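Please keep the sequence and the structure in view while reading.

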Amino acid sequence: MSPGQDPTPVGERAVSGSPDLERVPVRADLADVEPYGAPQLDVPVRLNTNETATPPPPGYLEEVARRIQALELNRYPDRPHRALRAALAARHGVSPERIWAANGSNEVLLQLLQVYGGPGRLALSPRPGYSMYPELCRTALTGHVEVDLDDDFRLTPEAAGAAVAQHDPDLVIVPSPNNPVGTPVDRDVIRAMHGAGHALIVVDEAYVEFGPDEASVVGLVEELPRLVVVRTFSKAFRLAGLRLGYLVGPTWVVDDVQKVRLPYHLDALTQVAGEVALEQEEAFLSHRAEVAAERDRLASAMSGLAGIEVFPSAANFLLVRSDVDGLFERLLARDVLVRDFSTRPRLAGCVRVTIGTRQENDAFLHALEAVIHDAKEHT
Ligand SMILES: Cc1ncc(COP(=O)(O)O)c(C=O)c1O
């Protein structure tokens with residue numbers, strides 16, 4: 001044994017007391033990262049994650065239960081999920097080769113960033129915008145830059161085109177309607193961004209079903225060769241527990257995402273549950289008018305309250321600005337959970353409230369009125 005050599009075989013070296021060997025340090029860029037996610041608190045009124053408050057239509061779970069009896073769960077699922085893609089293709093009037101589904105639209109977005117982003121590449125998205133975009137970019141080692149919406153929380157075609165020309169991103173990700181502000185994005189904005197550079201233009205239509213049918217830009221995928229539209233079953237389709245999202249886009253995008261997908265990323269139960277939901281689409285989406293009516297009722301009730309500003313929304317939530325300090329905590333103290341945006345750039349004093357059932361919306365309104373009343377008493 002040469003001097004200084006450790007006589008203990010490598011596999012038997014004691015690790016206790018040696019902090020360097022007790023755990024593996026995370027990637028440097030993750031060291032200070034807090035795991036992302038809205039609080040899942042057990043409170044009576046939960047209006048913080050933009051789900052639909054009413055369950056799937058009657059008969060849905062029974063039909064899924066019947067259909068999964070036929071599955072061979074000892075076998076891997078159909079990797080290219082052909083039946084589900086065919087049903088989605090029929091829904092949008094495109095060929096199945098233009099469709100790709102994954103575990104929620106978040107996974108679809110991550111796959112797009114993994115394929116077209118990566119070291120040295122850049123994604124651009126609006127600010128305010130969906131808080132997962134920077135997280136997904138970081139995970140996919142992709143640079144991220146934001147373009148500010150104007151004072152009405154909108155983008156003009158000129159500003160959108162100029163931002164793309166200036167930053168020359170590889171991907172542009174635009175939520176339409178925007179989360180958290182609720183504004184839709186005009187087609188001319190999408191065209192301007194597409195025309196101003198070489199980027200893949202990803203329009204995230206997570207909430208589009210809550211607006212008019214013509215708000216979707218799915219119809220533009222034939223016209224704009226680098227356009228991808230991302231959809232989810234988590235919002236208007238009332239299936240947030242399922243984890244199913246998909247894209248409609250060029251066939252080469254569907255080919256390219258195969259390079260990063262896990263071998264059997266979409267399980268057989270989810271595939272079947274999605275197929276059955278599409279067969280029952282009309283029943284699934286029948287609540288939309290009610291959600292829109294409740295959204296408008298809530299907006300007009302709030303606009304009459306002192307110190308409250310409500311932003312117009314085409315989605316199933318409203319962004320609300322208030323001059324009451326600690327609005328989020330004060331509502332929570334009254335058993336109403338909303339989403340706090342007050343520390344986000346340009347959203348000082350803001351919370352976002354999901355449209356719930358009529359009773360939940362009333363509970364929110366009463367809590368808000370009480371909070372405003374209390375705050376006034378103490379000033
Ligand atoms: C704009 C936007 N895109 C995507 C998602 C993620 O949806 P999914 O549940 O399909 O992953 C959300 C969820 O809140 C969202 O607000």
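## Strands, domains and ligand

Strand 10 and strand 13 (residues 350-354) are joined by five bridges and run antiparallel. Within this pairing, Phe317 has Thr354 of strand 13 opposite to it. The model discussed here is a predicted one.

The two strands belong to an open sheet of four strands, whose order is 9-10-13-12 and whose pairing is antiparallel.

A parallel pairing is found elsewhere in the chain: strand 3 and strand 4 run parallel and are joined by six bridges. The table gives the two pairings side by side.

| Strands joined | Residues given | Direction | Bridges |
|---|---|---|---|
| strand 10 and strand 13 | 350-354 (strand 13) | antiparallel | five bridges |
| strand 3 and strand 4 | 122-127 (strand 3), 143-148 (strand 4) | parallel | six bridges |

In total, the protein chain contains 13 helices and 13 strands. Its C-alpha atoms fill a box of roughly 85 × 55 × 50 Å along the principal axes. For 379 residues, a compact globule would have a radius of gyration near 21 Å, and the 23 Å of the protein chain agrees with this.

The domain assignment divides the protein chain into domain 1 (45-54 + 287-377) and domain 2 (72-282). The C-alpha centres of domain 1 and domain 2 are 27 Å apart. To the contact, domain 1 gives 22 residues and domain 2 gives 20 residues. On the side of domain 1 that touches domain 2, helix 11 (288-303) and strand 10 (317-322) are the elements that give two or more residues. By class, this side of domain 1 has twelve nonpolar, five polar and five charged residues.

Finally, which residues are closest to the ligand? Of the 13 residues that surround the ligand, the closest are Gly104, Ser105, Asn106, Thr232 and Ser234. Helix 4 (residues 104-116) supplies the largest share of this shell, three residues. By class, the shell around the ligand has eight polar, four nonpolar and one charged residues.

Definitions and conventions. Residues are numbered from 1 along each chain as its sequence is written. This is a predicted model: local features need pLDDT of at least 70, side-chain atom pairs count only at pLDDT 80 or more; totals for chains, interfaces and linings use all residues. Two strands pair if DSSP finds at least two bridges between them. A residue is near a molecule or strand if its C-beta atom, placed from the backbone, lies within 6 Å of it. Ala, Val, Leu, Ile, Met, Phe, Trp, Tyr, Cys and Pro count as nonpolar, Asp, Glu, Lys and Arg as charged, and the others, Gly among them, as polar. Domain bounds come from an automatic or database domain assignment. Two residues are in contact if their C-beta atoms, placed from the backbone, lie within 7 Å. The radius of gyration is taken over C-alpha atoms; the globule rule is 2.2 Å times the number of residues to the power 0.38.
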